Protein chains: 2
Amino acid sequence: MATTDAVDARPIRIGEVARDAGVSVRAVRYYEQEGLLTPRRSPSGQRLYPRDAVVLVRFFQQMYAAGLTSRRIAELLPCWDIGHTNAEQRAMLRAERARIRAKLDDLQAALDRLDEIIEVTDTHP
Amino acid sequence: MATTDAVDARPIRIGEVARDAGVSVRAVRYYEQEGLLTPRRSPSGQRLYPRDAVVLVRFFQQMYAAGLTSRRIAELLPCWDIGHTNAEQRAMLRAERARIRAKLDDLQAALDRLDEIIEVTDTHP
DNA sequence: CTAAAACCTGACGTTGACGTCAGAGGCAAG
DNA sequence: CTTGCCTCTGACGTCAACGTCAGGTTTTAG
């Protein structure tokens, strides 16, 4: 009980967030502009993030990869907080899930098509 | 053997291609600009497509949905023709397959994350 | 023959998630 | 104190697959 006396010790700066999350500094600033992050500021104006901002940024990347927009991610962020979710948000969650599911099927179909072509080009070089 | 005397009878115009393939006329012109289609021309300059252009356009859509660019699709078009494929093209086929496979895994992971959140928000409304 | 519908060629606009550059400060090390 | 890296705020650039509009020709239905 010596290094964990305060709740939120040792905030990190934007460079560390970016490096640990595997994105660019510009991207992290962009997430703030889109309302996904609201870091504290040092007296000189530098952004200060809690350590788990890294986890959050990775989550954003995952959602972006799934085709969600910044706006959607921002709208669904309260769901990340237990108890802060209404009917509309739960409906959006399900809608996005359905979108991803459909996209998965499309990708699988495209993969099958490519496999067909690959097989033909391999047996008929 | 009365309606199929010629090899490639009754070409269709761009509107029919677009409607049957479920895309816009603009999209079909764009595919031509990108080298994916090379329709014949009527004396007055209108584009004339063989009927199976519809199948081709659907295939383009599928590849676009899988994240391929017009350029990549154009480069891989010869593979569609049996016997017109070299080593480089077969390598590209495999590379794209790997990309799609990775994307599939990413999407599946995102879907799982969303399902987690959905479950939590459902049990803690 | 005429009016509607379809087609043509440019060419500029859109969208989203950043990249990139400019110019100016901030911070630990030597 | 200065060197070098990190950070700041704008603000313009990018890329891809089209959308959209303008202004004109062609085909088709009646």
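In this predicted model, the largest nonpolar core brings together 40 residues. Those with the most contacts inside this core are A:Val17, A:Val57, B:Val17 and B:Val57. Setting aside the neighbours within four places in sequence, A:Val57 is in contact with A:Val17, A:Ala21, A:Val23, A:Val28 and A:Tyr31. One of these partners, A:Val17, is also among the core residues with the most contacts.

The next point is how the two chains meet. The contact draws 33 residues from chain B and 32 residues from chain A. On the side of chain B that touches chain A, the elements giving two or more residues are helix 3 (53-65), helix 4 (70-80) and helix 5 (87-123) of chain B. Of these, helix 5 of chain B gives the most, with 22 residues. Sorted by class, this side of chain B holds 18 nonpolar, six polar and nine charged residues.

In general, two copies of a chain are related by a rotation about an axis and a shift along it. Here, chain B is superposed on chain A by a rotation of 180° with 0.0 Å of shift along its axis, and the RMSD is 0.0 Å. That is the relation of a two-fold axis. The same surface serves both copies, as 97% of the contact residues of chain B recur in chain A. Which residue of chain B comes closest to the rotation axis? That place belongs to B:Leu104, with its C-alpha at 3.2 Å from the axis.

Notes:
Residues are numbered from 1 along each chain as its sequence is written. Chains are lettered from A and ligands numbered from 1 in the order in which they are written. This is a predicted model: local features need pLDDT of at least 70, side-chain atom pairs count only at pLDDT 80 or more; totals for chains, interfaces and linings use all residues. Copies are superposed by least squares on the C-alpha atoms of residues with pLDDT of at least 70 in both. Two residues are in contact if their C-beta atoms, placed from the backbone, lie within 7 Å. A nonpolar core is a set of buried Ala, Val, Leu, Ile, Met, Phe, Trp, Tyr and Cys residues joined through C-beta atoms within 7 Å. A residue is buried if 20 or more other C-beta atoms lie within 10 Å of its own, exposed if 12 or fewer, and partly exposed in between; C-beta atoms are placed from the backbone. Helices (H or I, at least four residues) and strands (E, at least two) are DSSP runs, numbered from the N terminus. Ala, Val, Leu, Ile, Met, Phe, Trp, Tyr, Cys and Pro count as nonpolar, Asp, Glu, Lys and Arg as charged, and the others, Gly among them, as polar.
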